[in-house]
Structure formats: structure tokens, C-alpha cells
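Biologist: I am new to this structure and would like to learn how to read it feature by feature. Could we look at the model together?

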Amino acid sequence: MRACLIAFVLAVSAPAGWAAEPPASKAEAQAAAGDPVAAARARWERSPHGEVLRRIIPPNLTPAQLPEPQSRGAHLTVAYCVQCHNLAPPAMHDADKWPSIVERMLPRMQGRGNRGELMQELMAGVRAPSAEETQVIIAYLRRHAQKRVEADALPEANASRAWASFTHACAQCHTLPDPRRHTRAAWPGVVARMERNMEWMNRVVGSKRDPREPQYDSAEIVAYLRRHARP
Ligand code: HEC
Ligand code: HEC
């Protein structure tokens, strides 16, 4: 598997003529040293759409931090899913949502992307998983997915401003997380990371106070999560 992964990385990062160019960045030097994520990133960040692609997923995760990092599912996810943007962890979405997300990525990898120009440039070196590999990736993402909870089934449902803040703010990018997913001690750090994600992905943050919109209140959300967290 290891050898196959390295061969794959060379295939995507070394289209004709590439080797003759001087390395454009530190990332490309790392790429040359065999780091698959750096190799892919060097490729898409050099595209004229690099900045857009960079912002799709924040750069929070290294392959080693994936669950079951040595599994085939993790290897395939790293091999295929960092070709256009940073690595998304399985815990980002719930199990019901992953198949449709992966299916949305497939035509892009197969050169049938709907964002013509963007995809054409990327397509130069991008590879698509086989049908069997696609199933392994989907099964892997679903196995370690976020557990889905319904807003109305959560504690304080429709009964507190904190519940309203939490359900508004935290369902913008993925399913609402279960407050019991983390301990009281862990939640402040997770919410702080999510605030960095919001800035990175250009979503609403608390800096602009618009009275017509629901207010993002970090302290209130953290307090809500800690109230209902695992001890
Ligand atoms: C050929 C380029 C390309 C590849 C390869 C690719 N993606 Fe994407 N991905 C995109 C683009 C473009 C977007 C932004 C538009 C969108 O969300 O559909 C995106 C967005 C995303 C998002 C954020 C949007 C959301 O619904 O949360 C996730 C998660 C994601 N991709 C997961 C994956 C996974 C998993 C794989 C591997 C199976 C993958 N991507 C491979 C191009 C790609
Ligand atoms: C701007 C989009 C965005 C918003 C809004 C958002 N998240 Fe996330 N969330 C992400 C991304 C991207 C990931 C995967 C990367 C990561 O874990 O940082 C993620 C992953 C998670 C995870 C799984 C990983 C873990 O550490 O358990 C949890 C739980 C989570 N978010 C909680 C929240 C909470 C609570 C809020 C509201 C305060 C929130 N998210 C708002 C983008 C967002």
C-alpha cells in the first residue's frame, strides 16, 4: 500500500514538464521529499484558483491524525481527497451525508466537473478512485462520522437562548454535534477551533453586530455545551 501511495503521489504531482521547473515553494520541496499532502497542496495552490480552494477546508488535520490512520480507508482518503483542498476529517459530517458529498466530488475527479475552467486546470493531474475504492472511502468516512442529533431532541430545546444560539451557529457547515461528544474540559477548545474555521471559511462570525441577525455569542454556546457535556 505504501509503495502504491507513493507511486500515486508521483503520478499526480509530476505531469509532463513538472520536474524541469524549479520548486515554487517550501511545500514543493516537501512534496519532493514524499509528503503526499504537501505534494497535492503544492499543485492546487499554484492554480489561479488556489486561494478559493485553500479556503474550502481549513488546514487543521494531518493524515496521522485521522482515525485508524493505517487502514485502507484512511490511505485512500488521503490519496484522493487532498487533490483539490485540505483534508476533511470523517467527524466533519454525519454518516447520512457522506455518500452524497463523495458523489459530488466524483465527477470533478473524473474530469466532468461543473466549474469548467477551474476543473480543467486541476484535471491535468487529478485521479479518480475506482468504484470499489469509492465504496471503501465512503464506508471509512461513515464509520468515523459525526453522530447526528436533532435540534428539537436536545436539552433546553426551544426553551433557552443558549440552545437557539448553539443550533443557529453550529449547523452552518455540518450537522449539529451532540453535546455529549466532548467533555466539559474539551468543549472550549473545540469551539475556539470552530471560530477559526468560521473565519477561514468566511462564514458569519461575531465581529459584525447586525441587530437583524441572530447574534453569535461564543460564551453562551460554550456554557450550553459544557452544561450538557460528558463530565
Ligand atoms: C477535483 C477536485 C476535488 C477533489 C479531488 C475532492 N474535492 Fe471536495 N471539494 C471540491 C470543491 C470544488 C469543493 C467546493 C464546492 C462544494 O462544496 O461542492 C469541495 C468541497 C468539499 C467539502 C466541503 C463542502 C461540504 O459539503 O462540507 C468536503 C467535506 C469535501 N469537499 C470532501 C471531499 C472528499 C471526502 C473527497 C475525496 C473523496 C474530495 N472532497 C475530493 C473539489 C474536490
Ligand atoms: C465555518 C464552518 C463551521 C462552523 C460554523 C462550525 N464548524 Fe464544526 N467543523 C468545521 C470543520 C471544517 C470541521 C472539520 C475540521 C475540524 O475538526 O476543525 C468541523 C468539525 C467539527 C466537529 C468534529 C471534530 C471534533 O473535534 O469533535 C465538532 C464536534 C464540531 N465541528 C463542532 C462545532 C460547534 C460546536 C460549532 C458551533 C460553535 C461548529 N462546529 C461550527 C466547520 C465548522
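Predicted model: local features only at pLDDT ≥ 70, side-chain atom pairs only at ≥ 80, totals over all residues.

Biologist: How many helices and strands does the protein chain have?

Modeller: The protein chain contains 11 helices and zero strands, so that, read from the N terminus on, its elements run α-α-α-α-α-α-α-α-α-α-α. Of its 231 residues, 26% count as buried. If you take the contacts between residues at least 6 apart in sequence, 74% of them join residues at least 24 apart.

Biologist: How should I describe a pair of packed helices, and at what angle do helix 9 and helix 11 cross?

Modeller: In general, two packed helices are described by the angle between their axes and the distance between the axes. Here the axes of helix 9 (residues 161–169) and helix 11 (residues 218–227) come within 9 Å and cross at roughly 100°, which means that helix 9 is roughly perpendicular to helix 11.

Biologist: Which residues of helix 9 and helix 11 meet?

Modeller: From helix 9 the contact takes Arg161, Ala162, Trp163, Ser165, Phe166 and Ala169, and from helix 11 it takes Glu220, Ile221, Ala223 and Tyr224. Sorted by class, the contact between helix 9 and helix 11 has seven nonpolar, one polar and two charged residues.

Biologist: Which residues of helix 11 are buried, and why do they line one face of the helix?

Modeller: The general idea is that an α-helix has 3.6 residues a turn, so residues three or four places apart point the same way. In helix 11 the buried residues are Ile221, Val222, Tyr224 and Leu225. Seen down the axis of helix 11, these buried residues fall within an arc of 160°, and therefore they line one face of the helix. What covers the buried residues of helix 11 includes helix 9 and helix 10.

Biologist: How many residues surround ligand 1, and which helix gives the largest share of its shell?

Modeller: Ligand 1 is surrounded by 18 residues, the closest being Cys81, Gln83, Cys84, Met105 and Arg108. Helix 5 (72–81) and helix 6 (98–109) each supply at least two residues of this shell, and the largest share, six residues, comes from helix 6. By class, the shell around ligand 1 divides into 14 nonpolar, two polar and two charged residues.

Biologist: Which residues are the closest to ligand 2, and how does its shell divide by class?

Modeller: Around ligand 2 there are 23 residues, of which Ala91, Cys170, Cys173, Pro177 and Met194 are the closest. Helix 10 (residues 187–200) gives the most to this shell, with six residues. The shell around ligand 2 divides into 15 nonpolar, five polar and three charged residues.

How values were computed: Residues numbered from 1 in each chain as written. Chains lettered and ligands numbered in written order. Near = placed C-beta within 6 Å. Helix = DSSP H or I, 4+ residues; strand = E, 2+ residues; numbered from the N terminus. Nonpolar A, V, L, I, M, F, W, Y, C, P; charged D, E, K, R; others polar. Buried ≥ 20, exposed ≤ 12 C-beta atoms within 10 Å, placed from the backbone. Contact = placed C-beta atoms within 7 Å. Axes fitted to C-alpha atoms, helices over the stretch in contact; angles between N-to-C directions. Parallel < 35°, antiparallel > 145°, perpendicular 65-115°, else oblique. Arc of directions from axis to C-beta.
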